[in-house]
Every structure is written in structure tokens, then in C-alpha cells.
Amino acid sequence: MKSFIIDNLKTVFYALLIAIFIRSFFIQPFYIPSSSMEPTLQVGDRLFVTKYTYGFSKHSFPFSLGPIKERIFYSEPKRGDVVVFKTPSDNRTDYIKRVIGLPGERLQFIDGNLFINDLEIFKSKEKNNLKVFCGNKEIKVNIFSEKIEYKEYLTAYFNNGSFQNSDEYLIPPDHFFFLGDNRDCSKDSRYLTSVGFVEKNNLVGKARFIFFSSDIRLGNLYEFWKWKKIIRVKRFFKKII
């Protein structure tokens, strides 16, 4: 009996070590709890993030308890990447946003349009008065296709009262400027006291694809009789652009 217990404890221990190794160095699942990245990501999406894409830091490890002081095997994020990072304000909370500004660049909103180094980022209107969520409320937005270097993706702007003008943001070395795709319902790098510029050591990984999605506003997964309307099968294995 004693031998049986010890063997099982060893199995559990090795399984945990393997799981921690995979989670820290290869891939980790994440859950989307907010609407700040709509329409790209929706509340209830579950996605995989690759941990090796930008190298490794202490935040690659569970509870940010890694032994690494500085980032190793570093590869700089590309503009347009959707990235999970630890918020600079507490170095603990996971946020997911899109990389818009790179180190050393200047960024500004003028009349609702985004400028990087004085060049306007091209966007074209796709849909009018589409409904997306902002917290628990549905809001009417205009959907734009935004093109930024090699990436083209959808963004949502309030059809009235959108974020219009800002001071110029000067991004420090080794820092990045992040925006949510739901531009008027996102706490991101525009808000310097709560998020601000994100240092490279705070990067966690790159969002790759959605593996499961359920609309938690319509019910819980244990309510199997609601699965048909809760589970969003069409979002399964959707690549994150």
C-alpha cells in the first residue's frame, strides 16, 4: 500500500513538472473576461498563447516566480501582434491588447484618427451601427478595417463621442504602446496611470488561436441543455489576426 501511494505521488509530481514546463516555455491557455478587444476577441473566448515568441522573463513562469531577471532569447513584437502582458501598475494582472507603437516612436490621436510618427494609419469603414459589448452593455459602433504594415484587422469606434484627440505619446526605449480593438471601451496605453507604456520584460506571449468559445451572458456551461445557444462553435480554432 505504501509503495502504491509513493508511486502515485511520483506520477502526480512528474506530471506537474511537465505541465509547468510546457506552460512556462511553450504554450498557455488564456480566457477573455472583457470586451476591450471586440470584435477580434469576445468575452468567453479561450485561446492559446505561445510563450517562446518574444523570449522569456520571470513573467513566463507561474505567478511570475521565474529565476530570470532580464528577458532572454528576446525577439521584438511586430506591430499589429495581439499580445498578453502583465500590467506595469502591478506586474501581476494579465491584459491582452494589440501592439500599435514600437520603442522610440511618437503616437497621437488627432480628430479620431491614429498617427504614428506623423503618418496617419489608414482605416476604412466596413459597417455602420453594429452592436458590440462594452462591459455588460451593448453599444452601437462603426466598424473599421485598419491596416498597419503587414496586418489588417477590425476595430470598433463609438459612432458618437469617440476618442478624438490626445497629447503626443513618446514611447521609451524597450517599451510598447498597446491599444484594444474596441477603441472606446479599452483601458490601454492611452491611460498612463493605469496601464501606460509596457516594458519588454512584461510581455507574456503572442495570442495565436481560439480553441473554445462560449457566450457566458446566455448561461453557464454546466447547463448542458443550453449548449446549443451558449457554445460558439464557429469561433473554434479561429486564428487571431
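The legends below describe close-up views of a predicted model.

**View A. The open sheet of four strands.** The strands follow the order β7-β6-β5-β11, and their pairing is antiparallel. β7 (119–120) and β11 (169–170) are the edge strands; each has a single partner strand, so one side of each lacks a neighbour in the sheet.

**View B. The contact between β5 and β11.** Strand β5, residues 106–110, pairs with β11 in the antiparallel sense, and two bridges connect them. On the β11 side, L170 is the bridge partner of R106.

**View C. Strand β1 and its pairing with β2.** Five bridges join β1 to strand β2 (residues 45–50), again in the antiparallel sense. Y31 has R46 of β2 as its bridge partner. The residues of β1 (27–31) divide between two faces: Q28 and F30 lie on the covered face, whereas I27, P29 and Y31 lie on the uncovered one.

**View D. The disulfide between C134 and C185.** The count of disulfides in the model is one. The bond joins C134 to C185, with an S to S distance of 2.1 Å. The two cysteines are 51 residues apart and link distant parts of the chain: C134 belongs to strand β8 (residues 123–134), and C185 sits in the loop between β12 (175–179) and β13 (198–199). The torsion about the S-S bond is about 95°, so the disulfide is right-handed.

View E. C185, with a relative accessible area of 15%, is buried. The cut-off for buried is under 20% relative accessible area.

Definitions and conventions. Residues are numbered from 1 along each chain as its sequence is written. This is a predicted model: local features need pLDDT of at least 70, side-chain atom pairs count only at pLDDT 80 or more; totals for chains, interfaces and linings use all residues. Side-chain values use heavy atoms; hydrogens and water are left out. Two strands pair if DSSP finds at least two bridges between them. Buried means under 20% relative accessible area, exposed over 50%, partly exposed in between (1.4 Å probe, protein chains only). A disulfide is a pair of cysteine sulfur atoms within 2.5 Å.
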